[in-house]
Amino acid sequence: MSQYVPAPSVVSHNQFDTRTPLQQVFYWAPDEWEQFTCEWVRMRRDELGYLGVEVLGGTNDRGADVVAFMSDQRLNGVWHCYQCKHYAAELTLDDALPEMIKPFVATLETSRTLPTRYTFVAPRIHPRLKDIVLTPAELKKRFLSYLDGRTRPVAALSAETRDAVRERAARTDFSMFWTVNLDEVLEVYSKSPLFASRFNLPPSGEPAKRIPPPVPGADEARYLQKLLDVYQEKFGAHIATVQDAFEHPSSGQHLGRQRVAFFDAESLRMYARESVPGDVYEELQDDVLTSLIEVADMDFPTGWERLQTVLTKSGQLTPTGTPLLSLFRNSQRKGMCHQLANDGKLTWCKGGCQ
């Protein structure tokens with residue numbers, strides 16, 4: 001059973017963890033360590049030519065916590081094994097040797113082939129284990145010697161199984177066994193959108209700019225219709241379509257700005273989904289709506305005045321407790337108004353599209 005150190009404190013949903021990723025992993029439970037390893041392996045899928053990656057960890061995993069397949073034959077073909085160990089102390093050679101027996105036994109008791117690579121993944125790995133894995137011939141010598149001993153993992157094998165494991169191991173190239181340093185794992189992981197979410201860190205980088213397409217899509221239909229209601233009320237009933245609004249000398253530039261704002265807000269929504277833990281964008285929308293709905297429900301002589309007042313008010317809001325605050329610029333604030341209109345939560349003309 002893997003031993004781990006319980007986390008000293010729990011970070012609330014809207015707070016960032018002040019510990020570094022290197023510090024955090026030591027407080028994880030074994031299951032979380034396995035899932036993290038699986039995510040890391042999947043990030044290297046294209047690099048290593050994997051067709052699939054799965055978690056098998058459990059009491060009957062036969063020494064294979066995370067497996068990566070390189071052929072359609074999966075465990076009957078060419079595959080890599082990642083053995084996850086999350087101990088409070090460093091992983092040692094004495095910890096590794098009993099695990100190394102398991103893939104050999106699995107080939108005797110099942111139709112599995114030996115993995116072509118077997119990697120130990122642990123937060124701490126003893127320097128002696130790292131050194132001996134770098135010399136496969138010495139590792140094989142130590143493993144065969146271990147099979148001659150009387151430790152519990154060896155004693156639990158029947159004489160027939162032990163002899164078969166020894167015979168198979170003697171024919172095996174022990175360069176299949178590897179260790180990996182935690183800083184190497186974190187270097188790969190840090191380039192993933194999952195990084196901030198996994199380690200509850202502030203978002204990094206900027207939202208990718210989204211440009212409004214020349215022809216509005218179906219996903220814009222509702223908020224655009226609400227803008228058309230405003231333009232028809234203010235500039236005349238002849239503005240019946242988006243194209244009419246673009247061609248009108250008074251509404252054309254205004255409509256263009258609103259579409260840019262909408263797509264700026266969509267950029268922030270996608271960025272939050274990929275880079276920040278939880279539903280922080282939806283929570284920010286809820287906070288903004290709580291303030292703006294009171295303004296939108298006030299009496300206005302025209303939809304244009306209601307729209308302009310709400311857009312102005314959105315730029316004056318000071319949301320708190322959101323990791324997106326530094327990225328929530330005026331254009332995104334206006335765009336969020338149109339997102340809320342698109343969702344049926346804000347309407348500019350009381351008799352217009354609901």
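1. In this predicted model, V53 stands opposite A68 of strand β2. Strands here are DSSP runs of type E with at least two residues, and helices are runs of H or I with at least four residues, both numbered from the N terminus. Residue numbers start from 1 along each chain as its sequence is written, and side-chain values rest on heavy atoms, with hydrogens and water left out. As the model is predicted, local features need pLDDT of at least 70 and side-chain atom pairs count only at pLDDT 80 or more, while totals for chains, interfaces and linings use all residues.

2. β1 and β2 (residues 66–69) run antiparallel and are joined by 4 bridges; two strands pair if DSSP finds at least two bridges between them. On its other partner, β2 pairs with β3 in the antiparallel sense, again over 4 bridges. In that pairing A68 stands opposite H80 of β3.

3. Buried means under 20% relative accessible area, exposed over 50% and partly exposed in between, with a 1.4 Å probe and protein chains only.

4. These strands belong to an open sheet of 5 strands with mixed pairing and the order β1-β2-β3-β4-β5. Its edge strands, β1 (52–55) and β5 (177–180), each pair on one side only. From one strand to the next the twist averages 20°. Helix α4 (residues 93–109) packs on the sheet and touches β3 (79–84), β4 (117–121) and β5, where contact means heavy atoms within 4.5 Å. The direction of α4 makes about 150° with that of β4; axes are lines fitted to C-alpha atoms, for helices over the stretch in contact, and angles run from 0 to 180 degrees between N-to-C directions.

5. Aromatic rings of Phe, Tyr and Trp (its six-membered ring) pair if their centres lie within 6.5 Å; planes under 30 degrees apart count as stacked, over 60 as edge-to-face and the rest as tilted. The count comes to 19 aromatic pairs. W28 and W33 have ring centres 6.4 Å apart and planes at 50°, so the pair is tilted. Both W28 and W33 are buried. F262 and F263 form an edge-to-face pair, at 5.4 Å centre to centre and 85° between the planes; both are buried.

6. Ring pairs link W28, W33, F36, Y189, F195 and F199 into a cluster. The charged end of R198 sits over the ring of W28, 5.4 Å from its centre. Elsewhere, R124 lies over the face of F26, 4.0 Å from the ring centre. The criterion is NZ of Lys or CZ of Arg within 6 Å of the ring centre and within 35 degrees of the ring normal.
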